Amino acid sequence: MKSIFAAFALVGALLVSPIAVWAQSAPPTASFIVSGEVTQRLVVNLAKLKTFPVASADVTYFAAGAVTTHSFTGVLLWDVLQKAGIVVDPTVKNDILRKTVTVYGSDGYVSVFSVGEIDPFFGGNQIILAYAQDGASLGNSGLAKLVAPGDKAGGRFVSNIARITVRDSGR
Ligand SMILES: Nc1nc2c(c(=O)[nH]1)N[C@H]1C(S)=C(S)[C@@H](COP(=O)(O)O)O[C@H]1N2
Ligand SMILES: [Mo]
């Protein structure tokens, strides 16, 4: 019985460990894709990010149990979404409030936002796609890291952004 368990554990480890190693060593991103319910799919690299107005914020937050403060420079997530053009049905009351924005890290880390929380007409949360931290590019954190200035902890600050997808919540 013990040896059967050991055999299963070994096979499991052999299957899972390369995946775990691959996920942790996902190389830093140089661009990300904005797609889903948008009129124009975007491939965003540093040059493209810099075509948007600069947004910056000094943010203090908990990261892994310790308080940390950084000065971030980037662009508003809202501006990038406006460029992509969120598809709304004008016959549906406040259709924009049904939309979600899912931000994917290259390592499989994910955080979901609502368009309502960042739309300047509603929540107006100044969420930033930062390409610089304390005056330097992000290095191993990739091209861009999401920064939600009001957050208490850094969990939503997805780094190494690979993909941003707009979806409808359905009916
Ligand atoms: N891609 C990716 N982004 C991530 C994480 C992660 O595991 N992968 N961890 C999050 C967590 S839990 C925290 S606390 C912050 C840490 O951010 P810091 O590098 O600014 O300290 O990154 C967030 N962003
Ligand atoms: Mo964290």
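This is a tour of a predicted model, with a list of what to select and what is found there.

**The whole chain**

Start with the protein chain in a cartoon view. Its secondary structure comes to four helices and 10 strands. Read from the N terminus, the elements follow the order α-β-β-α-β-β-α-β-β-α-β-β-β-β. The chain has 171 residues, and 39% of them count as buried.

For contacts between residues at least 6 apart in sequence, 58% join residues at least 24 apart.

**Helix H3**

Select residues 77-84, which form helix H3. Which residues of H3 are buried? They are Leu77, Trp78, Val80, Leu81 and Ala84. These residues lie on the same side of H3, because they cover an arc of only 160 degrees around the axis.

**Ligand 1 and its shell**

Select ligand 1 and show the residues around it. They are Tyr61, Ala63, Ala64, Asp107, Tyr109, Lys145, Gly154, Gly155, Phe157, Val158 and Ser159. Sorted by type, the shell has six nonpolar, three polar and two charged residues.

Next, look at individual atom pairs. A polar side-chain atom of Tyr61 is 2.4 Å from an oxygen atom of ligand 1. Phe157 takes part through its backbone: an N or O atom there lies 2.8 Å from a nitrogen atom of the ligand. Ser159 has a polar backbone atom 3.0 Å from a nitrogen atom of ligand 1. Ligand 1 on its own has 540 Å² of accessible area, and the protein covers 66% of it.

**Ala64**

Stay with the shell and select Ala64, one of the residues around ligand 1. Ala64 is in the loop between strand E3 (55-63) and strand E4 (66-76). Is Ala64 buried or exposed? Its relative accessible area is 89%, so Ala64 is exposed. The phi of Ala64 is near 50 degrees, which is a positive value in a residue other than glycine.

Move to the loop between E9 and E10, where Val158 lies. Val158 is also among the residues around ligand 1. At 1% relative accessibility, Val158 counts as buried. Leaving out residues up to four places away in sequence, Val158 touches Val103, Tyr104, Gly105, Tyr109, Ser111, Ala144, Lys145 and Leu146.

Asn160 lies in the loop between strand E9 (145-147) and E10. Asn160 has a positive phi of about 50 degrees although it is not a glycine. With a relative accessibility of 9%, Asn160 counts as buried.

**Ile161**

Go on to Ile161, which is in strand E10 (residues 161-168). Its relative accessible area is 0%, so Ile161 is buried. What does Ile161 touch, not counting residues up to four places away in sequence? The contacts are Thr29, Ser31, Phe32, Val103, Tyr104, Gly105, Leu129, Ala144, Lys145 and Leu146. Ile161 and Asp107 are 54 residues apart in sequence, and their C-alpha atoms are 9.0 Å apart.

**Ser111**

Select Ser111 in strand E6 (residues 110-114). Ser111 is buried, at a relative accessible area of 9%. Beyond residues up to four places away in sequence, Ser111 touches Val101, Thr102, Val103, Arg156 and Val158.

**Gly116**

The last stop is Gly116, in helix H4 (residues 115-118). How accessible is Gly116? Its relative accessibility is 14%; buried means under 20%, so Gly116 counts as buried. Gly116 touches Leu97, Phe122, Gly123 and Gly124, again not counting residues up to four places away in sequence. Finally, draw a line between the C-alpha atoms of Gly116 and Arg98: these residues are 18 apart along the chain, and the separation is 7.9 Å.

How values were computed
Residues are numbered from 1 along each chain as its sequence is written. Chains are lettered from A and ligands numbered from 1 in the order in which they are written. This is a predicted model: local features need pLDDT of at least 70, side-chain atom pairs count only at pLDDT 80 or more; totals for chains, interfaces and linings use all residues. Side-chain values use heavy atoms; hydrogens and water are left out. A residue is near a molecule or strand if one of its heavy atoms lies within 4 Å of it. A polar contact is a pair of N or O atoms within 3.5 Å; within protein, one must be able to donate a hydrogen and the other to accept it, and residues adjacent in sequence count only if both atoms are side-chain atoms. Accessible areas come from the Shrake-Rupley method with a 1.4 Å probe; for residues, only the protein chains shown count as cover. Ala, Val, Leu, Ile, Met, Phe, Trp, Tyr, Cys and Pro count as nonpolar, Asp, Glu, Lys and Arg as charged, and the others, Gly among them, as polar. Buried means under 20% relative accessible area, exposed over 50%, partly exposed in between (1.4 Å probe, protein chains only). Helices (H or I, at least four residues) and strands (E, at least two) are DSSP runs, numbered from the N terminus. The arc is that of the directions from the helix axis to the C-beta atoms. Contact means heavy atoms within 4.5 Å.
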